[in-house]
Amino acid sequence: MAYVAVKGGEKAIQNAEALLQAMRRGDKHIPELSLEQIKQQFALAVNRVMAEGSLYDEDLAALAIKQSWGDLVEAIFLLRAYRTTLPRLYYSKPIDTEKMQVQRRVSSIFKDIPGGQKLGATYDYIHRLLDFKLAAEDNEYITPEIVGANGCLPTPRTIDTLNQEQLIQPEKDITEPDKEPFDITRQSLNTPTDRDARLQNLARADEGFLLGLAYSTQRGYGKNHPFAGEIRIGEVEVIIEPEELGFEIAIADIQVTEVQMVNQFKGSKDLPPQFTRGYGLTFGYNERKAMSMALVDRALRAKEYGESMEGVAQDEEFVLYHSDNVEAQGFVQHLKLPHYIDFQAELNLVRQMRQERSLDKDNQNIKIRLEEAQDYSNIFQLNSLAFGQENEAELIEKIRKSDRYIPELSLVAELDSKIVGHIIFSYIDLVDRETTLVLALAPIAVLPEYQNRGIGSLLITTGLEIAEKIQIPMVIVLGNPKFYNRFGFKPAINYGIKSPFDVGDEYFMVKFFNSDRHKYKGKVIYPITFNETN
């Protein structure tokens, strides 16, 4: 990828940044948003930025939202980038969501659940209409009295009821003794991977991406018929155990959203009909994201349950490698950078292709055929005129008289019964521990008045098609790389094939006809007929 520095752009960049800062601030007569206002009144945005930024810090998330001008993906990038600068002092113990101080807890599979349902703050039961009262300032709302708070008492999971009857696939403890859990913030993700790595990826995946995939699983692309087994939102303790102390310490209470979806499963050869589950856990009040995460988690377990792969949400590689909005926005937005060199190359290629297409129409009457004995004098004259000397014409005559001549690979281009072009392929040797018979493309010629009309390209293309059928591994050519690269020729030195000529590596090229290219190497030796011709 080539980028170009633009002269005189430094001042423009400084002005662009200053303009951004001014527009982000807005009218100076309107009070500036404080971080506390963002934390309190845009809490769901703060929660999303913390979850996808992989850092639980409301103040920093609010700062990122303010700095990014309200662009949450940019805010996530800022928070993620800052997190990479922080030292890692400890790993926490796994959080215990059964001991959650529940703020919201609902289930769609049972009306009465142990510990009771708790609606909490939700849009679920109100009209989704614009509330114009919010346009007024100084609105005051009274927080209702919280009844039946569970404190820190354990709250059993709803789907444990299904566990008791063995109606739901039990979760397996796949943790190997002494094996460190996968850490997506420090390890490269490779597929296929284990569920712990998948869940970490999904936990910080883009919410919109997961939402779309979750929706697809219910529309036939994954055969999901899900139920919300349990959704719980609340605060849990974060606990560490420093080695130097030898005992546990609670260092913080954080808000999380945990979701367990219940899905139908018809069973397989090894498993009886039962329900299965998908799991979602995110920072903050992040219900839609956690539900989507749980649905995609279940879809990604298709292989585990022996299900057919019918939807993109079941494709582990696609989901995990395209879920991160930090990576995605980087790839998309880099297209705004100067690509002048790349585009000029593409522009020249398109112009060349258009010219060749036009020439192809002109060349529809050109006939490519095998040379015949009565053509020899015309071929000699053609090569002499094309090269301005008789050396190449004499070489062709010597090749014909040798055991390196291949009649089906000496071709002429004929237009209106006139020979206007000629190409010849002949045998040469690739010498290493063993000697391999390969082909040389040389010489090729077109009458001067017919050059630059695509006739040479037509001869090469036809010759290569014939050459591939005689089961020779490769063709060697010495020539202009800008021309021969179009036909698949690459520098031979890249494959350990050496030229007998003192020329630049880029001019001595090879084209392979099979996939075993890396087993061929050595030095190319041309027959004495080539050496006799200067």
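**Terms set against values**

Tutor: Met-23 has a relative accessible area of 46% and is therefore called partly exposed, since buried means under 20% relative accessible area, exposed over 50%, and partly exposed in between, with a 1.4 Å probe and protein chains only. This is a predicted model, in which local features need pLDDT of at least 70 and side-chain atom pairs count only at pLDDT 80 or more, while totals for chains, interfaces and linings use all residues. Residues are numbered from 1 along each chain as its sequence is written, and side-chain values use heavy atoms, with hydrogens and water left out.

Student: Where is Met-23 found, and what makes Ile-470 partly exposed?

Tutor: Met-23 is found in helix 1, residues 9-25, where helices (H or I, at least four residues) and strands (E, at least two) are DSSP runs numbered from the N terminus. Ile-470 has a relative accessible area of 26%, which is why Ile-470 is called partly exposed.

Student: Where is the place of Ile-470, and which residues does Ile-470 touch, not counting residues up to four places away in sequence?

Tutor: Ile-470 lies in the loop between helix 15 and strand 9. Leaving out residues up to four places away in sequence, Ile-470 touches Glu-408, Leu-409, Tyr-427 and Leu-439, where contact means heavy atoms within 4.5 Å. Glu-408 is 62 residues from Ile-470 in sequence, and their C-alpha atoms are 9.9 Å apart in space.

Student: How do you know that the span of helix 13 is close to the expected one?

Tutor: Helix 13 has twelve residues and reaches 17 Å from its first C-alpha to its last, close to the 16 Å expected at 1.5 Å a residue, because the expected span is 1.5 Å times one less than the number of residues. In helix 13, Ile-379, Leu-382, Asn-383 and Ser-384 are buried, and what covers the buried residues of this helix includes helix 14, strand 6, strand 7 and strand 8. Just after helix 13, Gly-388 takes a positive phi of about 70°.

Student: Which residues touch the most other members of the largest nonpolar core?

Tutor: Of the 55 residues in the largest nonpolar core, those touching the most other members are Leu-441, Met-474, Ile-476, Tyr-484, Phe-489 and Ile-497. Such a core is a set of buried Ala, Val, Leu, Ile, Met, Phe, Trp, Tyr and Cys residues joined through side-chain atoms within 4.5 Å. Strand 7 gives the most to this core, with eight residues.
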